[in-house]
Amino acid sequence: MAWLPGHEPSMGTAAEMLSAYRAGRTVVSITAMCQNLAVLACSTVILPNPPAFREWLARDVRPSRVN
């Protein structure tokens with residue numbers, strides 16, 4: 001899970017997202033920066049805010065394998 005609360009991209013977070021994505025992990029990004037290239041390229045799921053993340057977790061669409 002990557003939490004990007006502001007409107008400024010974080011190179012450290014982008015590197016972590018890329019590593020997780022390349023390792024085949026589910027990458028959930030919580031951000032309003034849905035046009036950011038790193039977010040678009042490395043996220044499995046993009047959510048706009050923490051309440052949406054909680055709702056996503058409550059659904060049965062979570063990955064079957066927890067890493």
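Biologist: Where does the side-chain oxygen of Asn49 reach at the start of α3?
Modeller: At the start of α3, that oxygen comes to within 2.8 Å of the backbone nitrogen of Ala52. Helices are DSSP runs of H or I with at least four residues, strands are E runs of at least two, and both are numbered from the N terminus. This is a predicted model, where local features need pLDDT of at least 70 and side-chain atom pairs count only at pLDDT 80 or more. Residues are numbered from 1 along each chain, and side-chain values use heavy atoms.

Biologist: Which residues of α3 are buried?
Modeller: In α3, residues 50–58, they are Ala52, Phe53 and Trp56. Buried means under 20% relative accessible area and exposed means over 50%, with a 1.4 Å probe and protein chains only.

Biologist: Why do they line one face of the helix?
Modeller: Seen down the axis of α3, they fall within an arc of 105 degrees, so they line one face. The arc is taken over the directions from the helix axis to the C-beta atoms.

Biologist: And which residues are exposed on the other side of α3?
Modeller: Arg54 and Ala58.

Biologist: What covers the buried residues?
Modeller: The cover includes β2 and β3. Contact here means heavy atoms within 4.5 Å.

Biologist: Switching to the sheet. What is the strand order?
Modeller: The order is β1-β2-β3, in an open sheet with parallel pairing. Two strands pair if DSSP finds at least two bridges between them. The edge strands are β1 (2–4) and β3 (45–47).

Biologist: How many bridges join β1 and β2?
Modeller: Three, with β2 spanning residues 28–31. Leu4 has Thr31 of β2 as its bridge partner.

Conventions
A polar contact is a pair of N or O atoms within 3.5 Å; within protein, one must be able to donate a hydrogen and the other to accept it, and residues adjacent in sequence count only if both atoms are side-chain atoms.
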